[in-house]
Amino acid sequence: MSTSRSAVTRPSSSGPLTGNNPASALVPENVEASDTSELPAYVPSTRSSSRSRRREFPEFKEFSYDAKNRKGKSVVILTVIAERSYSKHIPTFLQDSPVKGRVHLDLDKPESILSVVLNIRGEYLTGANPDQQLIFLDLAYPLWSQSDGDPQRMNVLRETESLTRQGSSTLSARFNGPKLVGQYTWPFCITLPKEVSVPYGKGKALRSFALPQTFNERHAKGSIRYEISLRINRGRFQPNYRIPATIGYIPISRPPPFPPLRSMCYQEGTTLLGPTIDPDGWFSDTPVTIKGTIFSARAVHVTCTLCYTRGSVIPFFMRLESDDFQALDLLSNPKSISVSLQRRIKYHAFPEKVLGSFAKDSVEYVQQAVWWPSSEGVEVNVERFRFLNGELHLKADTKPSSAIADFSIEYSVVLFPFKSAGFEASDNGPLQTYPVEIVTSFAHGPRPRKYAPPGYDADTPPSMDFVNLDPVAYSS
């Protein structure tokens with residue numbers, strides 16, 4: 001017996017939602033989203049030109065997997081149906097969207113079939129050993145058994161009552177035929193839970209987690225994997241038919257609405273109001289003092305206040321203050337400022353108890369902000385202050401923040417020492433770190449806008465100096 005898979009697409013008059021890819025899925029306004037944390041939240045940017053067309057004319061994609069007999073004929077076919085917009089390689093399902101499909105059995109000669117069962121499993125994997133695998137989701141969904149009676153009669157009742165299993169127990173006739181022959185089809189519609197409870201922490205007490213998004217990157221030391229499998233149990237001394245298929249999952253996470261003044265700016269397409277006029281629209285921390293020397297001759301101190309907010313881009317506002325005008329001119333050059341988005345993947349809650357590379361978090365800097373002079377503060381003493389605006393453009397394939405048991409994907413905005421010809425910083429470590437949350441859905445209301453002037457490259461990767469930082473020394 002062998003298995004294979006294929007995929008076809010078909011149009012539909014309705015669908016859950018559309019998006020460029022799993023990480024940038026856009027959620028309809030009437031879909032209830034899961035709760036978000038108190039961290040400022042961001043959603044990867046999307047292209048809206050084709051999004052409305054996909055909403056109006058959504059398509060579904062059918063993925064077929066089969067099991068063949070010794071003659072090469074497909075005896076069992078498992079078909080999984082998913083929304084095409086975010087099911088490029090595997091069937092991928094959004095939170096609250098049921099896993100749909102059908103099972104087709106084609107028997108040329110009588111065979112003893114005991115039951116037909118689907119199973120959906122979610123796993124966190126760090127290796128092949130049993131102690132390196134955590135099953136956080138395990139759903140069994142029986143489609144048919146001999147106690148249900150004649151499968152042909154069962155299919156008729158399914159069509160008239162429901163695609164789910166709720167009506168199957170009303171069958172009064174017990175199936176007395178010891179074997180099946182011919183063609184049988186069982187449709188299915190399985191709803192995944194929003195949360196699961198798994199052991200966590202030192203005491204391994206149960207804790208609830210939202211189902212995490214599928215995660216499988218080449219160099220990552222752990223992965224989140226979902227699988228749907230079909231098992232057809234046959235009679236004694238006969239091998240069972242089993243068809244496994246990998247599926248994807250996308251949770252819905254949405255930030256709260258923008259403050260009124262920020263929402264007004266996005267709605268009217270006007271320049272964002274800075275923290276002086278719109279303090280409720282920005283997050284800020286204690287100012288940091290930049291210490292160093294300029295031209296190896298004079299020590300300088302510059303006070304830096306970094307403010308940021310949320311959206312599909314992360315807007316920034318920076319104020320530099322010093323009595324040294326020459327230092328201000330050097331550090332206010334947009335190319336001197338280094339602010340990056342840090343992604344940290346944690347594999348173990350207590351890494352000190354784990355040997356080898358798995359004890360360390362995986363840290364990388366995935367995007368760098370761009371900067372330009374700000375028009376805000378022109379009425380202030382320009383000799384003592386400098387003001388800049390910045391943006392960090394989230395890529396569409398940015399994985400959202402998520403966690404399950406000891407595994408988590410976390411993000412932070414990191415302000416690094418300024419780099420400028422003629423200026424040497426006294427400290428090479430990060431100046432400030434701000435935890436942020438990457439989500440999958442826009443806030444209700446107007447969409448965020450990009451304000452970076454033409455010619456400012458938002459896709460410049462962080463310099464290798466940042467990529468090679470010690471991940472332990474710069475934990476957020």
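This is a predicted model: local features need pLDDT of at least 70, side-chain atom pairs count only at pLDDT 80 or more; totals for chains, interfaces and linings use all residues.
Does Glu217 count as buried, partly exposed or exposed, and what is its relative accessibility? At 25% relative accessibility, Glu217 counts as partly exposed.

## Salt bridges across the chain

The structure holds 22 salt bridges. One of them pairs Glu123 with Arg225, whose closest N and O atoms are 3.7 Å apart. This pair links distant parts of the chain, with Glu123 in strand β7 (residues 113-125) and Arg225 in strand β12 (residues 223-234), 102 residues apart. Glu123 is buried at a relative accessible area of 9%, while Arg225 is partly exposed at 29%.

Glu217, our opening residue, forms a salt bridge with Lys399, and the closest N and O atoms are 3.6 Å apart. Lys399 sits in the loop between β21 (385-393) and β22 (402-404) and Glu217 in the loop between β11 (205-210) and β12, so the pair ties together parts that are 182 residues apart in sequence. Lys399 is partly exposed, with a relative accessible area of 22%.

Arg344 and Asp361 form another salt bridge, their closest N and O atoms being 3.1 Å apart. Arg344 belongs to strand β18 (residues 338-346) and Asp361 to the loop between β18 and β19 (362-368), so this pair ties together parts 17 residues apart in sequence. Arg344 is buried, with a relative accessible area of 2%. Salt bridges with shared partners also join Arg121, Glu123, Asp138, Arg225, Glu227 and Arg242 into one network.

## The nonpolar core

The largest nonpolar core has 81 residues, and those touching the most other members are Val76, Leu105, Phe136, Phe188, Leu320 and Phe418. Phe418 is found in the loop between β23 (407-416) and β24 (423-425), and it counts as buried at 3% relative accessibility. Beyond its sequence neighbours up to four places away, Phe418 touches residues including Ile290, Met318, Leu320 and Leu431.

## Cysteines

How many disulfides does the structure hold? It holds zero. For Cys307, the closest cysteine sulfur is in Cys304, 9.3 Å away, which is too far for a bond. Cys307 is buried, with a relative accessible area of 7%, and Cys189 is buried at 17%.

## A nonpolar surface patch

Leu261, Met264 and Ile277 make a nonpolar surface patch of about 250 Å². Met264 lies in helix α3 (residues 260-268) and is partly exposed, with a relative accessible area of 34%.

Technical notes: Residues are numbered from 1 along each chain as its sequence is written. Side-chain values use heavy atoms; hydrogens and water are left out. Patches are made of residues with over 30% relative accessible area and no salt bridge: like charges are joined within 9 Å, nonpolar side chains (Val, Leu, Ile, Met, Phe, Trp, Tyr) within 5 Å. Accessible areas come from the Shrake-Rupley method with a 1.4 Å probe; for residues, only the protein chains shown count as cover. A salt bridge is a side-chain nitrogen of Lys or Arg within 4 Å of a carboxyl oxygen of Asp or Glu. Helices (H or I, at least four residues) and strands (E, at least two) are DSSP runs, numbered from the N terminus. Buried means under 20% relative accessible area, exposed over 50%, partly exposed in between (1.4 Å probe, protein chains only). Contact means heavy atoms within 4.5 Å. A disulfide is a pair of cysteine sulfur atoms within 2.5 Å. A nonpolar core is a set of buried Ala, Val, Leu, Ile, Met, Phe, Trp, Tyr and Cys residues joined through side-chain atoms within 4.5 Å.
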